[in-house]
Amino acid sequence: MNYLLQPYNYDLSDPASIPNLFLDHLYLVGITMLISLIIALPLGILVARRPRLYLLVITIADLLYTVPALALIAILITITGLSLATAIIPLVIYTQLVLIRNTATAINGIDPLLLEVGKAMGMNPRQVLLRVALPQALPTIIAGVRIATVTTIGIAALAYLAGQSGLGDLIFKNIATTDFDAVVAGGILIALLAVVADLLLLAVQTVLNRGRTSVSLA
Amino acid sequence: MNALLDFIADPHNNFMGQSITYLRICAISIMLAIVIGVVLAVAVSRSPVLSFIAVNLSGLLRAIPVIAFLVAVVPFLGIGAPPATVALVILGIPPILLNTYTGIRGIDPATIDAAKGMGMTYWQILTRIQAPLILPIVAAGVRTSAVQIVATATLAAITGAGGYGAYIFDGFNTFNKTAILAGAIPVAVLALIIEVAMGWLERALTPIGIRREAVQSQMVVKQGEVAKA
């Protein structure tokens, strides 16, 4: 715990200080989630209501998810070297299974009758999408985003191996010198970040749900 | 590719020895995780308070980065295989515990009543009704755990336990791509084999009558799969 209490570990001018590593970690997670959503949302909408395509896409995503993070980063290092891409690619791959599955489930779960009612009330397709479909699908999609974010926060520690800084630095840099205070500090900060992100997204999910019970898959 | 084969064949690298070390750590961890996970789940399933604690504690474990956990146990258990095994067992328990618990709670009481009504004895109910209904769900949990343990065991090299992770980390330190690949590829292949084989086992264990439903519930049951190395 000592490491977390030393004031000099919070010196903003030092790029390896806790606040800077924290921001670096958030940056990695932010970029990953942005790219992940850009890929997974259209893909999820595409495979919804197409069971064969869904099974194919999910099987591929599942197999990719199975490849251990350390092994994937190690293999990528031999291809893309020590770069941001090497850190981000595995993180993006690991979010896909949860995000695609939840998006497809969310779309499948919308009662077609509600869409009909929207049309019958004179809504145009845009209004049906924004006022009927999205509010229905969003809580389940956010449930997926929540799980994906927490997972990404944890795995992003391995970005250190690809030469990208983040809270993982505290862990990996200090293992060699057996400075367990710093290693444990890294672990605590990452776990804390994961728990806070989880609770924040849970709050978003609950607000979007307007008090209804949420169906969270994955 | 040739460099990789040379690396594996080189007796100096002791590829067989490292493979056996790796497989042994994984196998022991999975066995212990199954035994502890199932026993704990059965033990807590009757008490709402205990099961609430167990389920939420399992969920919380997912948030802790595996590597921090691994290093945190070193001061207590020293270096080598024991701390790695303990960390892997603890990480492997939650999916098995959650799934076994879900399986036990998920059995429709009416099904048990029907079996009693048909004159089945306690033993018959246990072996012919409960076990077949729970097994595929437990197998799904074991699958998640096993894949996770195989993936995480690479990090065990950090505590000096050896195995494929030793090649990966040595490779990182000496910029030796061949060593990195010699560690990474077997691990990736092993994880994929376990995933596919356990998926097959899971389907084989599912009673034919409920196969269609099982596909649906499997999506929910795989909740425990989130924690990753």
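## Confidence of the model

pLDDT is the predictor's confidence in each residue, on a scale from 0 to 100. The structure described here is a predicted model. Among the elements of chain A, helix α2 (residues 18-47) has the highest mean pLDDT, 94, while helix α1 (residues 2-5) has the lowest, 78. For chain A as a whole the mean is 86, and 95% of its residues reach 70 or more.

Over residues 214-218 of chain A, pLDDT stays under 50; the model has 20 contacts beyond four places in sequence for this stretch. Where pLDDT is low, the predicted coordinates should not be read in detail.

## Helix α4 of chain A

Helix α4 of chain A comprises the 12 residues 69-80. Its end C-alpha atoms are 15 Å apart, which agrees with the 16 Å that a helix of 12 residues should span at 1.5 Å a residue. The helix is followed by A:G81, whose phi is positive, near 70 degrees.

Of the 12 residues of α4(A), 9 are buried, among them A:A69, A:L72, A:I75 and A:I77. The cover over these buried residues includes α5 (84-108) and α7 (125-155) of chain A, together with α8 (122-152), α9 (164-174) and α10 (177-205) of chain B.

## Contact between chains A and B

The contact takes 32 residues from chain A and 31 from chain B. On the side of chain B that touches chain A, at least two residues each come from α4 (66-72), α8, α9, α10 and α11 (211-221) of chain B. The most is given by α10(B), with 10 residues. By class, this side of chain B has 26 nonpolar, 2 polar and 3 charged residues.

Notes: Residues numbered from 1 in each chain as written. Chains lettered and ligands numbered in written order. Predicted model: local features only at pLDDT ≥ 70, side-chain atom pairs only at ≥ 80, totals over all residues. Helix = DSSP H or I, 4+ residues; strand = E, 2+ residues; numbered from the N terminus. Expected span 1.5 Å × (residues − 1). Buried ≥ 20, exposed ≤ 12 C-beta atoms within 10 Å, placed from the backbone. Contact = placed C-beta atoms within 7 Å. Nonpolar A, V, L, I, M, F, W, Y, C, P; charged D, E, K, R; others polar.
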